[in-house]
Amino acid sequence: MNKKWWKEAVVYQIYPRSFKDSNNDGIGDLRGIIEKIDHLDQLGVDAVWLNPVYKSPNDDNGYDISDYQAIMDEFGTMEDLEELMELLHQRNIKLIMDLVLNHSSDEHQWFKESRQSKDNPYRDYYIWRDGKNGGPPNNWKAFFGGSAWKYDQKTDQYYLHLFSPKQPDLNWENSKVRQEIYAMINWWLEKGVDGFRLDVINLISKDQRFPDGEKEGLAGHEYFANGPRVHEFIKEMAANTFNKYEAMTVGETPFVDKEEAIKFVKEEREEFSMVIPFEHLEFDRKEGWDKITDWDLTELKDLMSEWQYKLQENNGWTSLYFCNHDQPRIVSRYGDDGKYRKESAKMLGTMLHTLRGTPFIYQGEEIGMTNISFDSLTDFDDIETRGYIKELQEKNQLSQKEILEIANYRTRDNARTPMHWDDSKYAGFSESEPWLKMNSNYPEINVEKDLSSDDSVFKYYQKMISLRKKYPVFAYGKYEILLEADQNIYAYLRQGEQNNLLVLLNFSENEAAYDLNDQLEIKQAELILNNYQQEADFELDGSLRPYEARVYLY
Ligand code: ISL
Ligand code: CA
C-alpha cells in the first residue's frame with residue numbers, strides 16, 4: 001500500500017456563497033473565507049475543497065463557468081484567491097479547486113462563437129446535431145428536467161446540455177477542446193493549487209451514435225455515463241496535467257458502482273486519486289425524487305462493505321462523505337435531528353472517519369446542522385428543486401402542501417443555507433439579508449455555542465480528526481465487517497501494522513445489544529472515542545445507547 005498525503009488527510013468542503021460574507025452584500029466571498037481560516041485550523045483539517053469560484057452567470061451557482069481563468073465578481077478577485085491559498089499553505093492546509101469540464105456556461109466565449117454558424121472554428125467545441133421528426137435528436141433527458149437538447153434557431157440545430165440549457169456540454173471528441181482544457185488546468189497547477197475535484201467527470205464521453213436511451217432512470221444515461229472513451233480521455237488528461245504535479249484528484253462519478261469505480265481509482269491505472277460515490281445516499285430515494293422510501297441498515301452495511309472490500313483488494317481509494325452542496329443534511333436523513341441530534345451527528349461522523357478512505361466534511365456538518373423547513377415554494381433557489389417543483393405541479397397529483405414537504409426534505413438548498421457562526425441576526429454570516437433564507441434554528445446550532453461546550457459536535461470532530469493523525473490505522477488499516485446481519489449496529493474492524501480499531505455504531509434510537517464473543521478474541525482495548533459523556537468499559541458483549549458510537553484501540 002503506497003502512502004500518500006491525501007490518504008491521511010481530512011478534507012473540508014466550503015460552499016463560498018454561504019460560508020462568510022465579508023462585505024455585507026448578503027453573498028459569501030473569498031475574503032470571508034480568509035476571515036474564518038482559524039475555524040479550519042482549529043478543526044484540524046488538511047485540505048479545503050472550494051466549490052467553483054470562477055466567473056459565472058450563476059445559473060447553477062458557479063457550475064456554469066464563463067471564464068475558467070477569472071474569479072466570479074461577487075466572490076472577489078484573483079488576488080483574493082492567491083492570498084487565500086497563501087494563508088492556507090502557511091497553515092499546512094492544501095487547496096483543492098472544483099473543475100467543471102463536462103460543460104461550460106452558454107456565456108463562455110467558446111459557446112458564443114460556436115452558436116454563430118456551422119462553420120465557425122468553435123462549432124465543434126460543443127455537441128450540435130440535427131433534430132429528428134420535428135423534435136430533438138434523441139430521447140436523452142437532462143438532470144434538471146426536460147430534454148437534454150435545446151434548439152438554436154440561428155443555425156437550425158440542437159445542442160446537448162445534460163444539465164441546464166445554460167450549461168452546454170463540451171465536445172471531448174475534439175482534441176482542440178482537450179488541449180485547451182489541459183493548458184487551463186496546468187495554469188492553475190502552476191499557480192500552486194494542490195488538487196481538483198472534477199465535476200461529473202464520467203459523463204465526458206458520449207456514445208457518438210447518440211441512440212435513444214432504453215434503461216430505467218434518467219433517459220440515455222447508459223450512453224453518456226462511463227461512455228466509450230471516458231478512460232482514454234481521463235488517462236490523457238492526467239498524464240498531461242495532474243500526474244506531473246502529483247496533484248490530488250477526486251472524480252465526481254454518478255452512475256458508478258464498485259466495479260466501475262475500480263476503473264477510475266485502481267492506483268496502477270493512474271487516473272484519479274479517488275471518486276465520489278453516490279449509491280450510499282440513494283436508499284431514501286429509490287423510487288425517485290418525489291417519493292421518500294424506507295430502508296434498512298443492513299442495506300447500507302452491505303453496500304459500504306462491498307465497496308470497502310472491492311477497493312482494498314484492488315488497491316483503490318475513495319472519498320467518504322455524507323454531506324455536500326447537493327445533499328440534504330445527513331443528520332436529518334440517516335440520523336435524528338430532534339432528541340438525538342448531537343449523538344447521531346457524532347455517530348455518523350464516526351463512521352466517515354473510521355472507514356478506509358478520505359473523509360470529507362461539508363461546512364456545518366461539524367456542528368450538526370440540520371435540514372431547513374421553508375414555508376413557501378418560492379423560497380427555493382436550487383435550480384434542480386425548481387425543476388422538480390414545476391414537473392410535480394404540472395402532473396397535478398400532489399397538493400401544494402405535499403410538494404412543499406417533499407421539496408423541504410430533498411432540496412439541495414438544505415446544504416446551501418448560510419453557515420451558522422453565532423446567534424446574532426443572520427448568524428454572523430452577514431449583516432445584510434443573505435441570498436438564501438437562513439435555517440431558523442441558528443440560535444441553538446452555531447459555531448460559537450459549540451466552542452463553548454465540552455460535549456459539542458465540533459469538539460467531537462476535533463478529537464476524531466486528531467486521532468486520525470495520531471494512529472495510521474485510521475487511514476491504512478484493513479477493513480473487516482462484524483455482526484453482518486445486525487439490524488441496528490454497524491460494527492467493523494480496521495487492522496493495522498501497529499494497532500487495530502474496533503468500531504461500534506448504533507444507528508437506532510433504542511438501546512441495542514451486541515455479542516462479539518464468537519467473532520473476536522480481544523482481552524483488553526482502550527476506548528479512544530465515545531459520543532456519550534459517561535464512557536463505556538470494554539466488553540465483547542453488552543449494549544449500545546441510542547446512536548452511540550464507540551471506537552476501541554487494541
Ligand atoms: O444533485 C444531484 C442530486 O440531488 C445530482 O443530480 C447532481 O446534479 C449531480 O450529482 C451532479 O452534480 C454536480 O454537477 C452539477 C451541479 O449542479 C452540482 O452542484 C454538482 O455537484 C452540474 O454541474
Ligand atoms: Ca459578499
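In the hairpin of strand 14 and strand 15, with six residues between the strands, Leu483 takes a positive phi near 45°. Helices (H or I, at least four residues) and strands (E, at least two) are DSSP runs, numbered from the N terminus. This is a predicted model: local features need pLDDT of at least 70, side-chain atom pairs count only at pLDDT 80 or more, and totals for chains, interfaces and linings use all residues. Residues are numbered from 1 along each chain as its sequence is written, chains are lettered from A and ligands numbered from 1 in the order in which they are written, and side-chain values use heavy atoms, with hydrogens and water left out.

Strand 14 (residues 478–482) and strand 15 (residues 489–495) run antiparallel and are joined by five bridges; two strands count as paired if DSSP finds at least two bridges between them. Tyr479 has Arg494 in strand 15 as its bridge partner.

| Strand pair | Bridges | Sense |
|---|---|---|
| Strand 14 and strand 15 | five bridges | antiparallel |
| Strand 6 and strand 8 | two bridges | antiparallel |

How many of the seven residues of strand 16 (residues 500–506) are buried? Seven of seven, so to speak a mostly covered strand by the definition of buried (under 20% relative accessible area; exposed is over 50%, partly exposed in between, with a 1.4 Å probe and protein chains only). Both faces are covered: Asn500, Leu502, Leu504 and Asn506 are buried on one side, and Leu501, Val503 and Leu505 on the other.

Elsewhere, three strands form an open sheet in the order 6-8-7, with antiparallel pairing. Its edge strands are strand 6 and strand 7 (149–152), each pairing on one side only. Strand 6 is joined to strand 8 (residues 157–160) by two bridges, and Trp128 stands opposite Tyr159 in strand 8.

With 38% relative accessibility, Gln116 counts as partly exposed. Beyond residues up to four places away in sequence, Gln116 touches Lys154 and Thr155, where contact means heavy atoms within 4.5 Å.

The side chain of Gln116 makes a polar contact with the side chain of Lys154 at 2.8 Å. A polar contact is a pair of N or O atoms within 3.5 Å; within protein, one must be able to donate a hydrogen and the other to accept it, and residues adjacent in sequence count only if both atoms are side-chain atoms. A polar atom of the Gln116 side chain also lies 3.0 Å from the backbone oxygen of Lys112. Gln116 and Ile406 are 290 residues apart in sequence and 42 Å apart in space, C-alpha to C-alpha.

**A buried aspartate in a loop**

Asp284 lies in the loop between strand 11 (274–276) and helix 11 (297–313). Asp284 is buried, at a relative accessible area of 1%. Leaving aside neighbours within four places in sequence, its contacts include Trp295, Arg333, Tyr334, Tyr409 and Arg410.

**The calcium site**

The calcium ion (ligand 2) is coordinated at 2.2 to 2.3 Å by Asp21 (OD), Asn23 (OD1), Asp25 (OD), Ile27 (O) and Asp29 (OD). Donors are N, O and S atoms within 2.8 Å of the metal (3.2 Å for Na, K and Ca), and water is not among the atoms, so sites may look incomplete. Along the chain, the donors follow the spacing D-x1-N-x1-D-x1-I-x1-D. Asn23 counts as partly exposed at 47% relative accessibility, whereas Asp29 counts as buried at 3%.

**The whole protein**

The protein has 18 helices and 20 strands. Its radius of gyration is 23 Å, close to the 24 Å that the globule rule gives for 554 residues, so the protein is as compact as a globular protein of that length. That radius is taken over C-alpha atoms, and the rule is 2.2 Å times the number of residues to the power 0.38. Buried residues make up 62% of the 554.
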